[in-house]
Each structure stands twice: as structure tokens, then as C-alpha cells.
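Trainee: I would like a close look at a single part of this model, and then an account of what surrounds it. Please begin with any term I need.

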Protein chains: 2
Amino acid sequence: MAIAAVALGGNALIHPKERGTAEKQISRVNNTIALLKPLSERFSLVLTHGNGPQVGNLLLQQETAKDIVPPMPLDTLDAMTQGQLGYWIQQAVENVLRKNAATIITRVLVDEKDPAFEKPTKPIGPYYREKVFSNMVKEPEGWRRVVPSPKPVEIIDIEEIASLVGRGFVVIACGGGGIPVAKEKDDFIGIEAVVDKDYSTAKLASQLKADLLVFLTDVPTVYRNYGKRNQNPLYRLNRRDAQALLDAGEFKEGSMKPKIEASISFLVEGGKQVIITTVEQIGDALKGSAGTIIE
Amino acid sequence: MAIAAVALGGNALIHPKERGTAEKQISRVNNTIALLKPLSERFSLVLTHGNGPQVGNLLLQQETAKDIVPPMPLDTLDAMTQGQLGYWIQQAVENVLRKNAATIITRVLVDEKDPAFEKPTKPIGPYYREKVFSNMVKEPEGWRRVVPSPKPVEIIDIEEIASLVGRGFVVIACGGGGIPVAKEKDDFIGIEAVVDKDYSTAKLASQLKADLLVFLTDVPTVYRNYGKRNQNPLYRLNRRDAQALLDAGEFKEGSMKPKIEASISFLVEGGKQVIITTVEQIGDALKGSAGTIIE
């Protein structure tokens with residue numbers, strides 16, 4: 001069966017602005033996974049997921065208790081949320097889709113010379129009224145920490161992921177973009193950074209030689225002039241169209257831009273098709289009647 | 001290559017009484033894994049680990065921040081620590097032993113009719129001066145929560161673990177005894193409990209048809225009259241000796257008793273050998289000159 005790599009993002013796992021009890025988050029995960037049925041019938045699935053709200057909660061808990069418990073660094077927090085969300089997603093796949101699932105703790109190789117380390121851009125955790133950490137920037141909502149977001153060089157744990165996909169498992173991998181790890185001499189060293197989940201998922205899809213890459217997000221399609229009065233959905237794009245729109249600055253940083261960039265690199269590296277849509281519309285998008293398809 | 005299932009417990013991962021920064025814990029994990037070299041040269045390894053101090057820290061953080069972040073239930077906390085410790089152990093195996101490693105989030109099936117649910121016995125988290133939760137018992141050090149500790153019926157995720165062991169990976173699995181999950185109709189449901197890691201490791205070893213089961217703990221051997229003036233190390237035991245000593249009440253609840261019970265059940269289910277010793281003495285124990293060997 002052909003392989004599809006599917007990135008679960010945005011509202012697929014937690015209601016926006018809601019911190020979320022386990023019960024509510026698990027219920028949302030179950031609903032999301034149920035909507036993947038048409039995909040699961042046509043493809044071997046590898047599922048990746050975001051972890052922003054969950055890492056944000058851990059950061060808040062760590063800070064509140066910092067006088068009694070040593071806080072963990074970002075790479076370890078990512079590993080923890082991979083366990084947390086992996087467990088929930090795995091249970092949902094087995095209970096709802098009735099397929100065997102496996103969760104693989106996934107490290108992503110980053111380059112310590114990546115220019116991202118000189119210019120942190122990825123906001124993490126809660127907003128603050130004041131600048132309480134040195135790595136903070138002011139946003140309209142308040143002060144927020146920013147950390148480097150280096151590009152994924154490769155998915156280190158690709159071999160076990162590929163092996164289990166080959167054995168028929170729905171594999172949950174690369175949570176939160178993967179645990180950032182650099183190579184120092186011959187050793188892997190954890191790095192305090194956040195790898196963009198869209199780039200990681202595209203890299204994972206390429207390394208797995210997946211046919212299809214799916215970004216499940218908050219909008220039903222990619223738009224031209226997004227958020228403006230003349231906003232215009234884009235249903236079909238080829239790689240050159242996508243590149244031209246990207247070059248024209250059509251897509252928003254940290255939102256649609258990384259998805260389009262990741263889509264292009266997946267197609268350049270041999271992938272056949274990318275779908276960008278919501279979880280609710282993925283069934284129709286597979287039939288060609290919804291979503292944005294890039295080929 | 002024959003398979004060995006190795007339970008890393010006690011001081012192998014965190015210094016006793018120390019809460020532990022990530023740096024200190026990772027350094028300890030590296031030292032422990034280095035001592036497994038003789039084992040790794042003779043066996044395909046599956047590593048399990050405790051998570052008591054790590055779950056204790058998460059419980060403390062959750063309580064401190066409970067007004068701003070919803071606390072997660074115990075099964076989810078176990079999944080989180082499987083990610084955390086699995087990541088650290090995996091890095092150590094690759095950096096120190098130079099073997100490919102994979103971390104599998106592992107669920108363990110428990111029976112909701114297990115009598116353990118009527119009589120919680122497993123202490124978790126910090127001590128308190130007062131009874132602040134309903135499920136607390138008084139210990140000499142203070143009040144402490146206790147939760148049910150049901151027996152593992154089977155390792156649910158055995159198939160992916162076996163598959164990766166067969167492919168040559170050192171697999172980290174069953175952390176914290178595994179995530180307790182019950183079956184309700186056809187669905188897996190997470191359960192607020194803690195499965196004893198010794199029983200889970202023995203069950204995992206049996207299901208994998210491992211030849212060797214190793215418990216790495218805080219004492220170099222099993223003792224008769226442990227802690228008394230006439231304390232006496234036991235170097236070699238057969239299954240019947242072990243059962244007789246167990247029946248005579250020689251072994252302490254929550255400490256050596258579950259290890260001996262787990263050893264017996266592993267041998268009954270077809271296992272060949274059990275070693276109980278410290279991480280420092282495992283090399284000598286393999287040569288037959290240290291530790292307790294049960295056959």
C-alpha cells in the first residue's frame with residue numbers, strides 16, 4: 001500500500017485557547033482520528049503532530065514549581081509530549097480505526113551551524129506582562145519567549161519508523177517536529193530548539209518515500225490574499241505555481257509559508273502529491289472535491 | 001543472538017533522594033548504560049526502567065500549578081516519562097554502546113477485576129505533612145498517596161517491540177511498568193494505576209521468549225535475613241529454592257519480593273536464567289562471579 005505522511009496540526013488535538021483536561025484532549029483526538037478513516041483505507045499512515053499547547057503547559061508547570069523541581073530543557077519536554085500525545089493518538093487509532101499503532105520517540109538531526117541559532121524566531125509557552133526571560137520578544141499580547149527553529153537535516157529514527165510502517169502499523173512519529181539533536185564528534189546531543197513540524201513531516205515523508213503528504217490545518221484550502229476582502233481559494237497548484245506565490249510573499253510566516261515550502265521540497269525530493277485542508281474535509285479532498293492539492 | 005530483558009531500577013537512573021536536573025540524570029543514565037557493555041555484546045537487549053522520581057516530580061509540578069493547568073492522570077504521566085527517559089536511554093545506547101536504539105511507548109493490559117483495585121498499595125509522589133488527598137496512607141516520613149498496582153496481563157505493544165528487537169535494535173520499552181490500560185468492550189481505556197516494573201519486565205521477557213531476565217537494583221545479591229545481623233547472600237538458587245524462601249516470607253514487599261515472584265513466573269513460562277545484581281556488578285555476574293543467579 002502507498003504511504004501517506006499526515007501532519008495533525010492546529011485544532012486537531014486541542015481546542016484553540018483551551019488548556020485542556022486529559023479527558024477533553026483525548027475526546028478531541030478520537031474525533032480527529034475518526035475523520036482519517038478514508039485516508040487509512042487507501043494508505044499506510046504515518047502520523048505526526050504538533051505539541052505547542054502541551055509544551056506550553058509543561059513550561060507553566062515547571063516555572064510555577066521551579067523552586068522545588070528542576071525544570072527540564074526543551075528537547076526533553078518534546079520527548080515527554082511525544083509520549084503523551086503518542087499514547088492518546090495510538091489508543092484512538094486502535095479504538096476508532098481498528099488498526100495496530102505504534103509510537104516511536106523520534107529525534108531529528110539539526111546543524112549547529114544553522115543560522116536559526118543566531119536568530120531565534122519560534123515563540124513558545126505563555127505570554128507574560130514583563131520580560132522575565134532574556135530570550136523574550138514583545139508581541140501584541142505580551143512578552144513571549146522565542147527559541148531557534150533550525151531546519152531538519154534528517155529524521156534520525158527513520159529506520160525503525162520505516163520498518164514498522166512496512167509491517168502494517170500506523171506509526172505515530174516526529175511529535176512536535178521531533179526532538180532536536182545535533183552531532184558533536186560522534187555523539188548525539190540534545191538541543192534547546194523547536195523544529196518546525198511541517199518541515200519535519202516533509203522530511204519524514206521524503207525519507208519514507210511516501211506518495212502523499214497531508215497537512216491538516218485550520219483552513220479548508222490555501223488562499224491567495226488570505227484574510228483580505230479579495231481572498232481567493234486555490235484548489236490546484238503545481239510546484240511552479242506554489243513557488244511563484246511563495247516568492248511573491250503570499251504566505252504567512254509560521255503558518256502557511258512553512259507548509260508551502262515543505263510541500264515544494266517534498267515534491268522536489270520525489271513525492272507525488274500534497275494535500276492541505278482541514279481534518280473535516282480530508283475525505284472530500286481525497287476525492288478531489290475539497291482542499292488544496294499540489295502536484 | 002539470544003535476547004535479554006533488563007530492568008533498570010533504583011539508583012541506575014537518578015541518585016537516591018536527589019530530584020535531579022536533566023544534566024545530572026542524563027549523566028547517570030550514560031554511566032549506567034556504559035556498564036551494560038558486556039551484556040550488549042552477548043545479547044540482543046530490551047531495556048525497561050523505573051520512573052518513580054520522574055512521575056513524583058511531575059505530580060509536584062502539576063499540584064503547584066493546578067489552578068492554571070489541568071493535571072494529567074497517572075497513565076498519561078507514565079507515557080510522558082516513557083518519552084523522557086526513553087529519549088535519554090536511547091541517546092546513551094547510541095553514544096556509549098554504539099548500537100541503534102528505539103523507544104516504544106508501551107501499554108500493559110490490566111484486568112479491571114484485579115483485586116488490586118480494591119486495595120491500593122503502590123505509594124507515589126511526595127510525602128505530605130497532612131492528608132491532602134483521599135487516597136493517602138500514613139508512613140513514618142509522612143502522608144503519601146497510594147494507588148492500585150494491578151498485575152500485567154500482557155504487554156499490548158509486544159509486536160512492535162519484538163519486530164524491532166529482531167531487526168537488531170536495542171529497544172527501550174515498558175517504562176515505569178508500562179501504561180496501564182484495560183479493555184472495555186473492544187476499546188482500550190487508560191487506567192489510573194501503576195503496574196510493578198518487575199512483573200511487567202518478566203511478562204515482556206516471557207512474551208519475547210527471552211533467554212535471560214536481569215534485574216539491576218541497589219543490592220549486589222539477594223539475601224537471606226536481609227538487613228539483620230545474620231544477613232546471608234544467596235548466589236545460586238533454583239526455582240524451588242526461590243519459591244520456598246518466598247513462602248517463608250524472606251523477601252520485602254515492594255522491593256525484593258516482586259523481583260523473586262517475577263523471576264519465578266519467567267522461569268515457569270520457559271525462561272532460562274535470571275540475574276539479580278547491581279549495574280556495577282553485571283559484568284562479573286555474567287561470568288558467574290557476582291550477583292544472584294536463579295535457574
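Mentor: A helix here is a DSSP run of H or I with at least four residues, and helices are numbered from the N terminus. The model is a predicted one. With that in hand, start with helix α2 of chain A, which covers residues 37-42. Two residues of this helix, Lys37(A) and Glu41(A), are four residues apart, about one turn of the helix. Their side chains meet in a salt bridge, at 2.8 Å from N to O. Over all chains, the structure holds 26 salt bridges.

From that helix, go on to the sheets of chain A. An open sheet of eight strands runs in the order β3-β9-β2-β1-β12-β16-β17-β15, with mixed pairing. The edges are β3 (101-103) and β15 (236-237) of chain A; each has a single partner strand, so one side of each has no neighbour in the sheet. Within this sheet, β1 (residues 3-8) and β2 (residues 44-49) of chain A pair in the parallel sense, over six bridges. To place one such pair on the structure, find Leu8(A): its bridge partner in β2(A) is His49(A).

Helix α6 (residues 197-207) of chain A touches β1, β2 and β12 (212-216) of chain A, and its direction makes about 160 degrees with that of β12(A). Helix α8 (residues 256-268) of chain A touches β12, β16 (273-277) and β17 (292-294) of chain A, and makes about 165 degrees with the direction of β16(A).

Chain A also has an open sheet of three strands, in the order β5-β7-β6, where the pairing is antiparallel. Here β5 (122-128) and β6 (136-139) of chain A stand at the edges, each with a single partner strand, so one side of each is left without a neighbour in the sheet. From one strand to the next, the twist averages 35 degrees. Four bridges join β6(A) to β7(A), whose residues are 142-147, and these strands run antiparallel.

Next comes the interface with chain B. The contact takes 51 residues from chain B and 51 residues from chain A. Between the chains, the buried area is about 4,400 Å², and carbon and sulfur atoms give 57% of that area. On the side of chain B, the residues that lose the most area to chain A are Gln61(B), Met80(B) and Tyr87(B), together 14% of what that side buries.

Salt bridges occur here too: the rule finds four across the interface of chain B and chain A. In one salt bridge, the side chains of Arg107(B) and Glu94(A) meet at 2.9 Å, N to O. Across the interface of chain B and chain A, 22 residue pairs are in polar contact. Among the elements of chain B that give two or more residues to the side touching chain A are α1 (22-34), α3 (52-64), α4 (74-97) and α5 (158-166), along with the strands β10 (179-184) and β11 (187-190). The most comes from α4(B), with 12 residues. By class, that side of chain B has 23 nonpolar, 17 polar and 11 charged residues.

Lys183(B) stands opposite Phe188(B), which lies in β11(B). The hairpin has two residues between the strands, and Lys185(B) takes a positive phi near 50 degrees.

How values were computed
Residues numbered from 1 in each chain as written. Chains lettered and ligands numbered in written order. Predicted model: local features only at pLDDT ≥ 70, side-chain atom pairs only at ≥ 80, totals over all residues. Heavy atoms only, no water. Contact = heavy atoms within 4.5 Å. Buried area = accessible area lost by both parts, 1.4 Å probe. Polar contact = N/O pair within 3.5 Å; in protein donor to acceptor, adjacent residues only side chain to side chain. Nonpolar A, V, L, I, M, F, W, Y, C, P; charged D, E, K, R; others polar. Pairing = 2+ DSSP bridges. Axes fitted to C-alpha atoms, helices over the stretch in contact; angles between N-to-C directions.
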